[in-house]
Amino acid sequence: AIAMSVSHSSRLNKLVREQYMRLPQEGLVQVTYVWIDGSGEGVRCKSRTLDKEPKSIEDVPEWNFDGSSTAQAEGSNSDMFLVPVRMFRDPFCLDPNKLVLCEVLKYNRKPAETNLRHTCKKVMDLVKDSHPWFGMEQEYTLLGINGHPYGWPDNGFPGPQGPYYCGVGADKVYGRDIVESHYKACLYAGVKICGTNAEVMPSQWEFQVGPCEGIEMGDHLWMARFILHRVCEDFGVVATLDPKPMTGNWNGAGCHTNYSTEEMRREGGLKHIEAAIEKLSKRHDYHICVYDPRGGRDNSRRLTGHHETSNIFEFSAGVANRGASIRIPRQVGQDGFGYFEDRRPAANCDPYAVTEAIMRTTVLNETGVETKDYADH
């Protein structure tokens with residue numbers, strides 16, 4: 001047998017663990033708090049016991065953590081607040097246990113720098129009458145614990161791209177067990193996962209979350225990411241959201257964002273879609289800046305105009321064009337209403353930042369690179 005590069009902990013006897021997982025909890029509930037760390041990409045978690053099952057997010061108490069250990073605070077003033085915002089079932093410890101997504105506040109109860117949910121929620125509240133729907137397509141790449149793509153030859157490369165996209169067979173796809181486990185875990189948790197497929201580069205996959213309305217999009221995608229990392233931990237491999245994990249003639253990884261408002265979904269909605277695209281065309285630089293955590297530097301490795309991407313320096317749009325910044329699906333062009341797809345966001349984007357930016361430009365009619373600060377409602 002070939003020794004795959006998996007973590008030591010994945011080789012522990014899982015049957016022994018099952019013996020303990022079956023023990024009754026005597027009415028107590030384990031709640032795992034999940035939050036975004038100082039990198040803006042990583043997720044952290046810790047658990048506590050509640051004496052009864054929370055029925056709503058209001059039943060989950062605030063908590064705190066050491067922000068100096070997550071690049072979110074100084075050691076001399078390190079306590080950060082965890083404010084629960086959305087609750088899911090726990091697919092790892094099972095009912096009645098919960099996963100709880102949290103916002104992070106600083107000691108003065110102002111949002112942490114990587115808490116991009118705070119302003120997104122403000123914007124989504126402002127535009128709620130337009131009923132924005134989103135669906136995000138999260139691409140990711142499976143790596144061995146050594147950082148090499150999972151299943152690739154140790155010294156060399158697999159055959160060129162072509163047979164891997166939506167592929168079937170041991171020589172076409174690597175790691176389907178992880179993908180199917182993640183899918184089931186998301187369904188159990190209540191995450192609005194709506195599909196999955198093998199991607200163009202071998203050991204690269206995609207799952208889709210949506211349709212979600214408003215702030216729900218970011219909440220569900222972040223929890224789907226947490227569950228992905230947690231499933232990968234069990235299998236001993238790593239999921240990377242790097243937008244270009246392999247240099248050379250290999251596809252990068254994006255997070256294509258499908259979007260519509262109520263008027264776009266109605267008869268004759270195509271004119272509203274075209275009007276929104278026109279607004280986006282005048283604000284390309286602003287969107288590129290917020291579509292990855294490094295102000296566009298990550299996306300500059302991916303958006304080259306090759307491998308089914310647009311060029312980062314140019315805005316383009318077209319029907320059924322996968323080389324454009326914005327794609328209008330062919331069916332939408334024929335029907336005259338529906339949605340469009342922004343293909344620019346990087347795989348490691350913050351969905352709160354992406355969905356907020358789209359609403360600021362297309363509904364709140366902001367222009368230029370500055371954003372407006374709206375008063376709290």
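The model is predicted, and a search of the whole structure finds zero disulfides.

**Packing of helix 4 and helix 10**

- Helix 4, which spans residues 216–235, and helix 10, which spans residues 351–362, have axes that come within 8 Å and cross at roughly 155 degrees.
- Because angles over 145 degrees count as roughly antiparallel, helix 4 is roughly antiparallel to helix 10, and helix 4 passes helix 10 in a right-handed crossing.
- On the side of helix 4, the contact is formed by Met217, Gly218, Asp219, Leu221, Trp222 and Arg225, which meet Pro351, Tyr352 and Thr355 in helix 10.
- Sorted by class, the residues in this contact of helix 4 with helix 10 are five nonpolar, two polar and two charged.

**Cysteines**

- A disulfide is a covalent bond that joins the sulfur atoms of two cysteines.
- For Cys45, the closest cysteine sulfur belongs to Cys93 and lies 10 Å away, which is too far for a bond.
- Cys45 has a relative accessibility of 41%, and therefore counts as partly exposed.
- Cys349 is likewise in no disulfide, the nearest cysteine sulfur being that of Cys255 at 4.1 Å, whereas a disulfide requires a pair of cysteine sulfur atoms within 2.5 Å.
- Cys349 counts as buried, because its relative accessibility is 0%.

Note on methods. Residues numbered from 1 in each chain as written. Predicted model: local features only at pLDDT ≥ 70, side-chain atom pairs only at ≥ 80, totals over all residues. Heavy atoms only, no water. Axes fitted to C-alpha atoms, helices over the stretch in contact; angles between N-to-C directions. Helix = DSSP H or I, 4+ residues; strand = E, 2+ residues; numbered from the N terminus. Parallel < 35°, antiparallel > 145°, perpendicular 65-115°, else oblique. Left-handed = near helix turned anticlockwise from the far one by under 90°. Contact = heavy atoms within 4.5 Å. Nonpolar A, V, L, I, M, F, W, Y, C, P; charged D, E, K, R; others polar. Buried < 20%, exposed > 50% of the residue type's maximum accessible area, 1.4 Å probe, protein only.
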